[in-house]
There are 2 protein chains.
Amino acid sequence: MTYKKEQSFMPKPVRISLDAMGGDHGPSIVVPGAALLKEATELRHTDIAISMDEKPSQAIRMGRGKSSMWRAVQAVRDGEADAAVSAGNTGALMATAKVCLKTMAHIERPAIACMWPTMRGESIVLDVGATIGADAGHLVDMAIMGSAMARIVFDLERPTVGLLNVGTEEIKGIEAVKEAGRILKESNLPHLDYRGFVEGDDLGKGTVDVVVTEGFTGNIALKTAEGTAKQIAQYLRSAMSRTLMAKIGYLFAKQAFNALRDKMDPRKVNGGVFLGLEGVVVKSHGGTDDLGFASAIDVAYDMAHFELMNTIRTMLEHDPVGQTA
Amino acid sequence: MTYKKEQSFMPKPVRISLDAMGGDHGPSIVVPGAALLKEATELRHTDIAISMDEKPSQAIRMGRGKSSMWRAVQAVRDGEADAAVSAGNTGALMATAKVCLKTMAHIERPAIACMWPTMRGESIVLDVGATIGADAGHLVDMAIMGSAMARIVFDLERPTVGLLNVGTEEIKGIEAVKEAGRILKESNLPHLDYRGFVEGDDLGKGTVDVVVTEGFTGNIALKTAEGTAKQIAQYLRSAMSRTLMAKIGYLFAKQAFNALRDKMDPRKVNGGVFLGLEGVVVKSHGGTDDLGFASAIDVAYDMAHFELMNTIRTMLEHDPVGQTA
């Protein structure tokens, strides 16, 4: 499925390919999700859908050239679409994207970046699950790619960047994180304002625009925050229904509660951006609904429209690791 | 400072030594914190206090036999106290405890366990920052020590245990986590009900009684959850003060909001338990107040009273790693 969204100030429309079969709900959310935004669509039939528990290697073997996931990514490779969106399984989508699109020059490993709601607005956090483990060079690459995305999304000349660690003192933490910190500090890049180590609670505070970490920890931090938000929402619902006074209070404050629910709505920040590939691919939550899927399409639109890949390429020219390697 | 708390059903009182100089606020919170609980205290003068940014090695060099932290731990070693509590810096306290008390037989590395509030009550999560990195054997040891603590705290015959990972499918995750999973599954321990992998959002759900992870990830997950809770509390305050209707609603539901604040109060779950040492040591948050410090003393009381160390020793007799090594 390809859809076009045109804006008056932009001569060329952004074309986005959608994996209609991906996710827990497939076309039942992808089609209405696209309908929330679309101007024109074109359907392409596929016989193979990659299931949510498929191993990445099997997804490639079975799906190459044929699956709905592959075809969505292929449309980007072939220049028929400017970005692809899928709610399919993350491992399979990343493997498909790597094989079909290839990794960018000078980037060893792609990463997945997500928008993280904070007390100050939003930050970008990566990697939230593309790869387990990262050496100093990978972390520096992620800092650069994350900053490129922050330039686009937040319209900042020099986004602030922090490395996620267990303490702010320079004596602490994993060797790779410390080494990446040294490289970023010494290289003093023109488009990246390195601010040192940040801790888990800095994510919610929004201490920096971009938080960089390795994929295992990043994925667990993301899901822990999502889980904590759900937990507190449940506490709140339970507290507001326990007594008559609380119920009356809830009725008075209903609009405020609705605004709060809206602010905490995970569908609003749906869309993990794959960074470091020769093309834009966005991963939607597998279990989201049409509104959530539409958010992921919006993210893909922004990345394509504001030329994420060119921004990354420009910033990589100053890559301190690439230069010394 | 040593204090005794006597309960009618218990012939022998639990004696707890307190590091009065530890933490951001030192005696100004430790003394009133102890006063919330104490029956009798004895003060011991020390000239040296370990500062919050002291390196562990320096803390040992400077503090051996002399610092308030060392003296608190030493009282446990010498049998003058049944547990020690300090709000001092974690690294220094762990180093002091390791040197002064020694690590338990068959345990290579101590871990720090904390109580984690969940939708279902509470879980135990470890390691939240004692050591960076863990191999399969360390993870299995932690599963056993965490279960021993769960037996005591939750009064369970066979606590459920999960390994924190990035996916529930067995194909995913770090090799050490997968290997630990295989060992725990195959050994089918009598006092530990291994339930497989859990993800970040299972922490808040309370899917298992004990969640085991390596210290870097555990520390970041803990601080991320704390940060998210603060962030949502701020959203809520802001939503409830925005309109007149919301303010009225807040007044009606004030008791419910107070109950919620109480439930989310981090002081109530203050107290990281050091597991795997020849003595009970509890770490209080450095920035807590007297109520928070009193919670940490309460945790130390329970660990000493219900014989944490004997429980761990008994469970280690079935240690699948120890047996095969």
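Start by selecting A:D127, which sits in the loop between β6 (121–126) and α5 (136–154) of chain A. The element names come from DSSP runs numbered from the N terminus, where helices are H or I runs of at least four residues and strands are E runs of at least two. Look at the link between A:L126 and A:D127: this is a cis peptide bond, with omega about 0 degrees. Now jump to B:D127, in the loop between β6 and α5 (136–154) of chain B. A cis peptide bond is found here too, joining B:L126 and B:D127 with omega about -5 degrees.

Before moving on, a word on what you are looking at. This is a predicted model, in which local features need pLDDT of at least 70 and side-chain atom pairs count only at pLDDT 80 or more, while totals for chains, interfaces and linings use all residues. Residues are numbered from 1 along each chain as its sequence is written, chains are lettered from A and ligands numbered from 1 in the order in which they are written, and side-chain values use heavy atoms, leaving out hydrogens and water.

**Strands of chain B**

Next, select residues 111–118 of chain B, which form strand β5. Is this strand enclosed by the rest of the structure, or open? It is largely enclosed, because 7 of its 8 residues are buried; buried means under 20% relative accessible area, exposed means over 50%, and partly exposed lies in between, using a 1.4 Å probe and protein chains only.

Two strands count as paired if DSSP finds at least two bridges between them. A hairpin of 2 residues connects β5(B) to β6(B), and B:W116 faces B:S123 as its opposite in β6(B).

For a parallel pairing, select strand β7 (residues 160–164) of chain B together with β8(B), where you will find 4 bridges. B:T160 is opposite B:D193 in β8(B). Strand β8 spans residues 193–198 and is mostly covered, with 5 of its 6 residues buried.

Now pick B:V211, in strand β9 (residues 210–212) of chain B. It counts as buried because its relative accessibility is 2%. Which residues does B:V211 touch, not counting those up to four places away in sequence? The neighbours are B:I124, B:V125, B:L126, B:G162, B:L164, B:V198 and B:L203, where contact means heavy atoms within 4.5 Å.

**Two loop residues**

Select B:H106, in the loop between α4 (90–101) and β5 of chain B. B:H106 has a positive phi of about 75 degrees although it is not a glycine, and it is exposed at 66% relative accessible area. Then try B:N188, in the loop between α6 (175–187) and β8 of chain B. Its phi is also positive, near 40 degrees, in a residue other than glycine, and B:N188 counts as exposed at 55% relative accessibility.

**Where the chains meet**

Show both chains and select residues 244–252 in each, helix α9 of chain A and helix α9 of chain B: their axes come within 7 Å and cross at roughly 170 degrees. These axes are lines fitted to C-alpha atoms, for helices over the stretch in contact, with angles from 0 to 180 degrees between N-to-C directions. That makes α9(A) roughly antiparallel to α9(B), a label for angles over 145 degrees. The residues of this contact divide into 8 nonpolar, 2 polar and no charged. On one side are A:M245, A:A246, A:I248, A:G249 and A:F252, meeting B:M245, B:A246, B:I248, B:G249 and B:F252 on the other.

Finish with B:T228 in helix α8 (residues 215–240) of chain B. B:T228 is buried at 6% relative accessibility. Leaving aside neighbours within four places in sequence, B:T228 is in contact with A:A225, A:T228 and A:A229. Within chain B, a polar atom of the B:T228 side chain lies 2.8 Å from the backbone oxygen of B:T224.

Definitions and conventions: Angles under 35 degrees count as roughly parallel, over 145 as roughly antiparallel, 65 to 115 as roughly perpendicular and the rest as oblique. Ala, Val, Leu, Ile, Met, Phe, Trp, Tyr, Cys and Pro count as nonpolar, Asp, Glu, Lys and Arg as charged, and the others, Gly among them, as polar. A polar contact is a pair of N or O atoms within 3.5 Å; within protein, one must be able to donate a hydrogen and the other to accept it, and residues adjacent in sequence count only if both atoms are side-chain atoms.
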